[in-house]
Amino acid sequence: MEPERWRKIEELYHAAASLAADQRDEFLDRACAGDASLRCEVGTLLSMEERAAGFIELPAAEIMARSIARNQAPPSDRLPGSLISHYRIVERIGGGGMGVVYKAEDTLLGRFVALKFLPDNVAADPPSLARFRREAQAASALDHPNICTVYEIAEDQGHPFIVMQFLDGRTLKHLIGGNPLPLARTLELGIQIAEALEAAHAQGIIHRDIKPANIFVTGRGHAKLLDFGLAKKAAAAQDDPLLTSPGAAIGTVAYMSPEQVKGRELDARTDLYSFGAVLYEMATGRLPFSGGTHALIFDGILNRSPEPPRSLNPELPPALGRIIARALEKDRASRFQHASEIRADLARLQILPPAKALAWKPWAAILAVCAVLALAIAAAYALRGGRVSLPVSVTASDNVLAVLPFRGIQRDDSQDYFADGMTQALITSLARLEKLRVVSLASEAAGRRDTAAWNTILRNQKVRRVLTGTVARSGGRVRIDAQLIDPTTRSVLWANSYDRDVQDTLALESALAEAIAGEIQVTLTAQDRERLRQSPVKPAALDAYLHGRYFWNRRTEESLRHAAQYFQQAIDIDPGYALAYSGLADSYSLLGSIETSAMTPAAAMPLAKAAAQKALQLDPNLADAHASLGYVKLSYDWDLPAAAREFSRALTLNPNSATARHWYSHYFMAVGDLPRATEQMRQALQLEPLSPSINIGIGWCLYYSRRYDQAIEQFRAVTEMDPSLPLAHQTLGMAYQQKGQFDQAIEEYKRAAAFSSNNPASVAALASIYAGLGKHAEAAQELNLLRDMARTRYVPSFYFASIRYSMGDLPGTFRWGWKAVGERCDYLMYLHVEPRVGKLALNPEFIRGMATLHR
Amino acid sequence: MRKKLSKTVNIARPAEPDASAPYVILRPMNAPGRGGYIANPSANEVTGLLQAWSAGDETALDKLVPLVHQELRARARHYMAGERSGHTLQTTALVNEAYLRLVDSPARNWESRTHFFAVCAQLMRRILVDFARSRNFEKRGGGARDLPLEEAMNVCQESPAQIVAVDDALKSLAAIDPRKSRVVELRFFGGLNVEEIAEVLKVSPETVMRDWKMAKVWLLGQIDRSQSRGA
């Protein structure tokens, strides 16, 4: 800088500083006339005055000494191991302007929590403290998977602290670190944050300090919004000392909304602006406005447009640029009005394949043009003659519709099941249409929204249309926002909202299915229309039914029991509800299966059969009910021809029933026709590519076909899809065992045991493998465990037979084996394809036994 | 640069320095009451080291660093004791003691009192900034860019990060206005009061105050700028 200019700045600065605040502008305007840059320089210096008051007044050596004091010695009462109330301090995990945070163990509930102590200056100020408590209480009312849960507010010797969920991971600020996040990550986190805001806003709670430092990303990739109570307190208003004091971090300022900068009354839309700034940063690695001073940032926020995100990161889809721009609108009336709107827009982007997928080869482009032309012609015909007489034959591959799990708007459990249930119901409705192949992307697995997997499926199955949406239920209303998207052109083909009384949920679902069928130009036959019309069901019964299906899909012992209860409840409310009977049948069938063995087959299966028959009596054309009955015929009645009849009837009625195909595949395994078993299972998988149980079914086909390497690969993929699923580990172990990789097998059995809290299957598998390896002590230990278990619960005799067999005790094997026959154990049906049987298959007694089964 | 720090704890400390006492408390390092320290250079040696360093001998700094660190830690213990007993320490002028105790009478061994002050301020700046940098670094777990804690990001707050940020900004200020930069160095790093700074710089106390006032706002602006560039 020119010394002359510097002297000038200095002179003007001192002159202006000596004036009263309201005279400075006028003075400077006059003194700097014609030199805007000079005016700006001096103005910037003056704007710092307030913040400069306490700045560097404390000598550096003192600051250093205090920092050492702060970091070396937490107060003695918060040392690791010490107890505060019933929380045992584990370690200090952070400290900042807003207080010190400890990891602690809740000694009553045996879980880890985070304790956040308020800074003393806040704690010492009664009005601040009262406000803080109020806000923290409001925040503690927010129960949402993307909001860090506040458990309680407590006090320790006058020091108030908050007990929160302990989170393992990093802040989003840390994650961004100046670089754009991958698009999929930005979208996934963005959607989760939007959902958190949606939930908070629905409760009338505004965060007011949305910024990456307040967003935590857990190790499993879940976003968690932090500091609701604190944040609201911290950024309550312009006159808040924390904002205007020298302590105000510049980082916070950059995410402020224009109305916040102006000190106006705030509403939920301020959060949407700040969220837009966060999205901007996730997408580009940069802040929308990052001038050197508060004044410049404020000027940007109030008066300037941010650099378009796509000019900073050309890989961004244009639609994301538009979403961000709309979120960052200065005028809140032009912005997104609700978090749900941003969430819906982001969710739509999420299912689109990455830009690379569009880089078609020229011939493919020509084909695509032809296809579009064909569709256009078809549409023209359709318009003239009405959809019913659509004359162009539509091949199956033209009409592949993928259905993404609909999202519940408030993601508590009750909305979760409702959204899941609605998705299932919709898939069922659509699946009944003859010329449409429906691929469900819903999954019961833990990582339920695996977009990478989705995109692979969309490509592999040449999906042309994707259906997605949200479900909200509040009071007596249900609202569905559905969108039909073309994944290749990234365009929304159709979108519609349905807002109905809960009473009309079924009508709503049929209307939606019909509308979608129309949109994707599927010819609806009279029969289709008949199928779409459903007899009215009482809303409470439907509610219970959806609950039931939700639990049934999880397929654990506990969830199946819940499912049975809910289906029973649905029946109690509406005794004419055929689907509920079918659900009840399926619940008992799985409770009595060897995988679960929660009930003896003799107790469970007659109930299953009665329920299936009742369902058919109520609705002889209900595909689900035929599948339910088929399963009982297969697993308990051992009446294979009858089972085949039921499954094929179910598939005639609904070719898209994944469950019917899944079980039909089991029928083919039972008759030893592995190629056809594999074929059916593959078709089931096409319908529900993310279903863990169908994926395990594919593994069974490979295992029975003695293709162990592929079976291992398949089962392992399921364990990756849902690491806590015991059956996946169990079956993986079996494949390893056949491969001779005993250590790995034992490892997997142990995992199965751990995830199922020692279910009989895993303990028996361990006992068997130890016995086979000559590890008698370990085998005896597991066997004793199994015997103990048998005193209090049903343990299938088949397991004892299997252990005896591994011990080389043939008489014992047959003794227990015949008992298993007496129990009508379902697994016996597959014994003649089970590789473990080996030479035993030649044993006359074994042959006699199998003959009993396969009449 | 950063030396392994002694973990030795000095329990026996002289009585709490009085805030109202004259700021220069000259006490040789090996004076009674300072027992328990590791073998330290004598006061004369410290003076020699200080002079050697100011004459350009960088190796002398290596021996001075641990002494300053020890002083800082001793000070830190006082804060901790103060926090526990519930009263806040009066800290004014204590910092001067921190390094003046390192040497014997400046009047005796230095060409002038002001020269001594100036060298001490430079020394403190150098050591404190290095120390602050290393502490920041420790907290960042090795990554300098992605520090999660707000505290350390917040250079406007009293923190090691602030010390580093001020040092950087001060270098820019020195290029534009060397005197203002020295005022800040003498006051912030050296802990001198206005009169002493006036004496060192041979200007009036009023000029020092004007320089100080403008330097502060300019530095804040500069720190903001570099922060948002780095953010």
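This is a predicted model: local features need pLDDT of at least 70, side-chain atom pairs count only at pLDDT 80 or more; totals for chains, interfaces and linings use all residues.
Biologist: Why are H9(A) and H18(A) called roughly antiparallel?

Modeller: The axes of H9 (residues 183-202) and H18 (residues 339-350) of chain A cross at roughly 160 degrees and come within 8 Å. Axes are lines fitted to C-alpha atoms, for helices over the stretch in contact, and angles run from 0 to 180 degrees between N-to-C directions. The angle belongs to the class over 145 degrees, so H9(A) and H18(A) are roughly antiparallel to each other. H9(A) passes H18(A) in a left-handed crossing, a term for a near helix turned anticlockwise from the far one by less than a right angle (right-handed if clockwise).

Biologist: Which residues of H9(A) and H18(A) meet?

Modeller: Among them are Leu187(A), Ile191(A) and His201(A) in H9(A), and Arg343(A), Leu346(A) and Gln350(A) in H18(A). Contact means heavy atoms within 4.5 Å. The residues of this contact of H9(A) with H18(A) divide into 8 nonpolar, 4 polar and 4 charged. Ala, Val, Leu, Ile, Met, Phe, Trp, Tyr, Cys and Pro count as nonpolar, Asp, Glu, Lys and Arg as charged, and the others, Gly among them, as polar.

Biologist: What makes H34(A) roughly antiparallel to H35(A)?

Modeller: The axes of H34 (residues 726-739) and H35 (residues 742-755) of chain A cross at roughly 165 degrees and come within 8 Å. That angle makes H34(A) roughly antiparallel to H35(A). H34(A) passes H35(A) in a left-handed crossing. The contact includes Pro726(A), Leu732(A) and Tyr736(A) of H34(A), with Phe742(A), Tyr749(A) and Phe755(A) of H35(A). The residues of the contact of H34(A) with H35(A) divide into 9 nonpolar, 5 polar and 2 charged.

Biologist: Why does Cys825(A) count as buried, and why is Cys40(A) called partly exposed?

Modeller: Buried means under 20% relative accessible area, exposed over 50%, and partly exposed in between (1.4 Å probe, protein chains only). Cys825(A) has 2% relative accessibility, so it counts as buried. Cys40(A) has a relative accessible area of 42%, and is therefore partly exposed. The structure holds 0 disulfides over all chains, a disulfide being a pair of cysteine sulfur atoms within 2.5 Å.

Biologist: How do you know that Asn313(A) counts as buried?

Modeller: Asn313(A) has 12% relative accessibility, so it counts as buried. Asn313(A) lies in the loop between H16 (309-312) and H17 (318-327) of chain A. Not counting residues up to four places away in sequence, Asn313(A) touches Pro180(A) and Ala283(A). Ala283(A) is 30 residues from Asn313(A) along the chain, and their C-alpha atoms are separated by 7.3 Å.

Biologist: What makes Ser597(A) buried?

Modeller: Its relative accessibility is 1%, so Ser597(A) counts as buried. Ser597(A) lies in the loop between H26 (578-591) and H27 (601-618) of chain A. Beyond four places in sequence, the residues that Ser597(A) touches include Pro760(A), Arg793(A) and Tyr794(A).

Biologist: Why does Asp167(B) count as buried?

Modeller: Asp167(B) has 5% relative accessibility and therefore counts as buried. Asp167(B) is in helix H7 (residues 160-176) of chain B.

How values were computed:
Residues are numbered from 1 along each chain as its sequence is written. Chains are lettered from A and ligands numbered from 1 in the order in which they are written. Side-chain values use heavy atoms; hydrogens and water are left out. Helices (H or I, at least four residues) and strands (E, at least two) are DSSP runs, numbered from the N terminus. Angles under 35 degrees count as roughly parallel, over 145 as roughly antiparallel, 65 to 115 as roughly perpendicular and the rest as oblique.
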